Amino acid sequence: MFMSKILFVIAAIYFSILSGLFYLSARNNDGSLVVANIDAIHNISQPAAIWQKTTITIEEAEQKIAININAPKIAISGDDDLDSKANDAIAQYVESLKDDFIFAVSTAAYDNGEVNTLNIDTEMLLLSPRLISLAFTETHHLAGATDDDPKRTFLVFDLINGTLMREGNELFLDDLAWSRAVQAIRTSLLSGYQGEPSCDLSFAPASYGLAASCIGVDWSQGGKHVSVTGDVPMSIVQEYL
């Protein structure tokens, strides 16, 4: 899975200046700034999200599986090709979560008659002519196993370039700024956690700053599964944008 390697008048003005960077700029692999073509943004209408609920039931000889998915379908007026790319990216990501769960059932679930269940809920973090930012919260139950905490992962689609933002470094000044931003986000997210987690950080831009999660294990607690989620204010990464 990819994804390894996001009220007052003065506050509103401050946020709008910072968040504009998420809308208007990105970074090349060499660290150079790419400013989004304003005309291109104007030519992309405000996307709309149509929410769809899907239920999948799989009954095999050894295991029963029930999967519930709530995910959006994106509609962009006048640009069928672009919304197809965005919807394909969302569908492929959901499919990867589903496939991972089915594999886990085949390798870790007990054949005790219980139904193995997977629920995927999607939250729209940001929907603009520049970016689509989504959070996927995955809860599951494997027959005969202790349930892990919900896992939250992210997908960010760049509408200007018609591609996924895979690493997250596209949002920052350069690779060094990205590295420092990652450490700042991790420190903020885990500030209230009691333990020593070894977890993979992921994040995505949201209307209020960044949504983030860290998923892994805590060896100081006997290898306990760790899934920490939270919101990170824009001020934490301001100097790295």
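The structure is a predicted model, in which local features need pLDDT of at least 70, side-chain atom pairs count only at pLDDT 80 or more, and totals for chains, interfaces and linings use all residues. Residues are numbered from 1 along each chain as its sequence is written, and side-chain values use heavy atoms, with hydrogens and water left out.

**Exercise 1.** Determine which strands pair with β10, and in which sense.

*Solution.* Strands are DSSP runs of E with at least two residues, numbered from the N terminus. Two strands pair if DSSP finds at least two bridges between them.

Step 1. Strand β9 (residues 197–206) is antiparallel to β10 and joined to it by 10 bridges; Leu-201, for instance, has Cys-214 in β10 as its bridge partner. Two residues connect β9 and β10 in a hairpin.

Step 2. Strand β11 (residues 224–233) also pairs with β10 in the antiparallel sense, over 10 bridges. Here Leu-210 has Val-232 in β11 as its bridge partner. Five residues lie between β10 and β11 in their hairpin, and Gly-222 in the turn has a positive phi of about 70°.

**Exercise 2.** Explain why β10 is described as largely enclosed.

*Solution.* Buried means under 20% relative accessible area, exposed over 50%, and partly exposed in between (1.4 Å probe, protein chains only). Nine of the 10 residues of β10 (residues 209–218) are buried, so the strand is largely enclosed by the rest of the structure.

**Exercise 3.** Locate Asp-149 and classify its accessibility.

*Solution.* Step 1. Asp-149 lies in the loop between β6 (131–141) and β7 (151–158).

Step 1. Its relative accessibility is 42%, so Asp-149 counts as partly exposed.

Technical notes
Helix = DSSP H or I, 4+ residues; strand = E, 2+ residues; numbered from the N terminus.
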